[in-house]
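Dear colleague,

I am handing over the structure below, and after it you will find my notes on what came out of the analysis. Please read the notes with the coordinates open beside them.

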Amino acid sequence: MKAKHQRMTLVVLALIAVVAAGLIAAWALRSQANYFYLPEQMAAEPPEVGQAVRLGGMVAADSIKTAEDGITVSFLVTGNTDDMIPVTYSGILPDLFVEGSGVVAEGSLQADGTFLATNLLAKHDENYVPKELEGLEGHKASEEYAETVAGMS
Amino acid sequence: MIAELGHAALWLATALAVLQMVGGALGLRNGNEAIVALTRPAAVVQAFLATLSFLLLLYAFAITDLSIKLVATNSHSMKPFIYKLTGTWGNHEGSMLLWVAVLALSGGLLAGLERRLPEKTMSATLSVQGFVALGFYSFLLLSSNPFERLPVPAGEGSGLNPLLQDIGLAIHPPTLYIGYVGLSVAFSLCMGALITRQVTPDFAKVMRPWVLAAWVFLTFGITAGSYWAYYELGWGGWWFWDPVENASLMPWLAATALLHSVSVLAARDALRTWTIMLGVLAFSMSMLGTFLVRSGVITSVHAFAVDPERGSFILALLGLYIGGALVIFAMRAGYIAEGKRFTATSREGALVFNNVMLSAILAIVLLGTLYPVFTEVFDVRVSVGPPYFNPASAIFAIPMFMVMAVGPLLRWKDDKPARIQFEVLLLASIAITVIALVAFFGSYDILPLLGLAFAAALGVASLLPLRGRKLSRVPTATWGMVMAHFGVAVALFGMASESAFTSERLAAVSSGGQEQVGEWTIELQSVDPIAGPNWTAIEARIIATRGDGDGVLLTPQARNFWAPTQATSESALLTTWDGQLYAVIGDQAGVDANGNPRWQLRVWWKPFVTFIWYGGLMIAFGGILSIIGRLQVDLKRRSVTKRGNQRREDAAALAGGTAPEPAE
């Protein structure tokens, strides 16, 4: 093989692999497009029962209830509309999980219409509001933060 | 006074960066020699000034100078001293100052120490390095001045995010930054060589230690970051495919490819254009990483500083540098002479294949990370998680691990696959045996199963290059490769084992209550309030017993910080040789039948989870061995040449009948 041909082969090989990666990514991402749900989306077009998805929204006021066993928590997640999705979660709540704050729940919708969360993602910085939840009345955290630093600048 | 000194030092350093940029460029054109001669000292003094500036900020944090805005917003007089220091880079401005200080330091080192490059290539390299530095100085001074004063000093600081008050976070960002910035030197060197058309093995030998060092720091930083997230967040997980994590993984993938390709160029004079391309790619990824973390365009559970203006600034720099690099690349690529040829079944062939696989994985991670940013333009909110990243990257990781196992067994340039038949059969049978064994004891998910099989085969494969050799004669750099590849096997084993065999117990327990997790029995003795320097907490006393063994005390805490007000979980870890017991305490969960309070307790038994980070450390250590090996060879060669030159001079002097000049 001539040197020039070898270089061409290399380039073609690299291109094929990267394009393949791109196609695989595009295909896989299309199925991920319905991975994240707002409560109103989940109410309107619910995902299949058992399918792994994320539900993001605000924890409704006065909705957090702890079950008899002490570790199962249920609460309602709201979005931009009046739709509420009941969520149950067994586990230790994230440090910044409170009513009125944003939450992203990983899990799946059950046959009875409740969302069974296997993992709750809460923020890890007091500045953080999940991007998916922008436009909700959920900027309390960042507003509060802004208030605490106001007067310093 | 301190703040003003630091600020002035930064401006002076900026001026020197301009001088370095112009002087370096003039060096290419045989311009004013006086200015060209100043470029090296300019880089060295700049390193001194930028470091000084950082040290001054460090001092301001150490004494909690509340007249400086940055200190007031990120520190607190009550904070433990060590976290006052680490708080210096626990915020946007401080971490960017650290970034430029490291950038200037590495530029200064390059200018002060490197003598092997042709003079013109060095000029071009320093010019590019000055240009890169200038961009970051402007970013710092124009949009994120760390030395800004408050009109009236604050009475008290607002504290540091408690999650950052941890030794893991004290080490993790600086190491990552050194890695990122080391890649900027590799980038400048690539540009320098490209501009002067000197993409040669000698150039690769100059660049290799920089790439190796950057890669070692990135590896270490990612390992430390993963361990920090694991024990500090209390989620029990070690990798979340979070955009911020991906931001550090992407440059690592590119640097890993670059590291292997620069070795081929240095040793075999092949892959010239490919190496340059990877040099540009690796630096692009470290810039992109900075952009993703600093701009707030992505949703992340650990996106710290969020500011659109800063995001646009970094994006502009990214476009400028990478766009410029690609233009130069397009203009010059045709001039780079052809390297040496090789066949597909050779060491080079295997390295190229793995380079391509790494690039493909990089593409998968990149697309998955940026996809939510793109869809947001169309007002569609998406989040991409493990269901995408795991399988999509595995498609390319699997062939990569296979070739990684046999690649080092192949000869350079051309080899017959039949020669390594025995080794291939051996490795395949190891992998199949492991799959059969694990499947026999219980069915597991496909990825952990494959992970265990590859880990076993790769572990043996990485030792095979030592077979039949006298171990004391094996070069240090080869030990480095063996160590790093073995580390990959160890890390893979830890990941697969953790995914496949973790057992978990979640319960509400009252004092005296017992629970079972894996082979362990845990008993909650008591839950007591305790207080720290800037927090209060409840602390559980848990006795963990394995079989008939002695009980071990675990004390997980749930802490409440008061400046700023925030709660964190301090998990308790019990490390044994074959795994880790991980305990977290939650809130009080009502009372039991006798009226005693119950507490939420979550305990994991994670077999061999520590191997993930041991593996990471071994990989980094392999890189260090490799650097040492290369330096040894360089030093030996240098002293041999020196002696040879001396002898030649003496002979010439004798032949000419003149005595050699006495040494001064």
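This is a predicted model: local features need pLDDT of at least 70, side-chain atom pairs count only at pLDDT 80 or more; totals for chains, interfaces and linings use all residues.

Along the principal axes, the C-alpha atoms of chain B fill a box of roughly 105 × 75 × 60 Å. Of the 664 residues in chain B, 59% are buried, and among the contacts between residues at least 6 apart in sequence, 73% join residues at least 24 apart. As for charge, chain B carries 44 positive and 42 negative charges, whose mean positions are 14 Å apart.

Chain A comes to three helices and seven strands, and its elements run α-β-α-β-β-β-β-β-β-α from the N terminus on. Buried residues make up 48% of the 153 residues in chain A, while 50% of its contacts with a separation of 6 or more are between residues 24 or more positions apart. The accessible surface of chain A is about 7700 Å², and 58% of that surface belongs to carbon and sulfur atoms.

Over all chains, the structure holds 26 aromatic pairs. In one of them, the ring centres of Tyr227(B) and Trp613(B) are 4.7 Å apart and the planes stand at 65 degrees, so the pair is edge-to-face, the cut-off for that class being over 60 degrees. This pair links distant parts of the chain, since Tyr227(B) sits in helix 8 (residues 201-232) of chain B and Trp613(B) in helix 17 (residues 611-656) of chain B, 386 residues apart. Tyr227(B) has a relative accessibility of 25% and therefore counts as partly exposed, whereas Trp613(B), at 6%, counts as buried. Trp613(B) also forms an aromatic pair with Tyr230(B), which is tilted, with 4.7 Å from centre to centre and 45 degrees between the planes. Here too distant parts of the chain are linked, with Tyr230(B) in helix 8 and Trp613(B) in helix 17 of chain B, 383 residues apart. Tyr230(B) has a relative accessible area of 0% and is therefore buried, the limit being under 20%.

Val100(B) is found in helix 5 (residues 92-113) of chain B, and with a relative accessible area of 2% it is buried. Once its neighbours within four places in sequence are left aside, Val100(B) is in contact with Leu10(B), Ala50(B), Phe136(B), Tyr137(B) and Leu140(B). Val100(B) and Tyr177(B), although 77 residues apart in sequence, are 9.5 Å apart in space from C-alpha to C-alpha. Ser123(B), for its part, has its place in helix 6 (residues 119-143) of chain B, and its relative accessible area of 6% makes it buried. Not counting residues up to four places away in sequence, Ser123(B) touches Gly24(B), Gly27(B), Leu28(B) and Val36(B).

Finally, which residues is Gly91(A) in contact with, leaving aside its neighbours within four places in sequence? They are Ile71(A) in chain A, together with Leu506(B), Gln600(B) and Arg602(B) in chain B. Gly91(A) lies in the loop between strand 5 (84-90) and strand 6 (102-109) of chain A, and at 0% relative accessibility it counts as buried. Within chain A, the C-alpha atoms of Gly91(A) and Val73(A) are separated by 7.8 Å, the two residues being 18 apart along the chain.

With kind regards

Technical notes. Residues are numbered from 1 along each chain as its sequence is written. Chains are lettered from A and ligands numbered from 1 in the order in which they are written. Side-chain values use heavy atoms; hydrogens and water are left out. Buried means under 20% relative accessible area, exposed over 50%, partly exposed in between (1.4 Å probe, protein chains only). Contact means heavy atoms within 4.5 Å. Lys and Arg count as positive and Asp and Glu as negative; His and the chain ends are not counted. The place of a charge is taken as NZ of Lys, CZ of Arg, CG of Asp or CD of Glu. Helices (H or I, at least four residues) and strands (E, at least two) are DSSP runs, numbered from the N terminus. Rings of Phe, Tyr and Trp (its six-membered ring) pair if their centres lie within 6.5 Å; planes under 30 degrees apart count as stacked, over 60 as edge-to-face and the rest as tilted. Accessible areas come from the Shrake-Rupley method with a 1.4 Å probe; for residues, only the protein chains shown count as cover.
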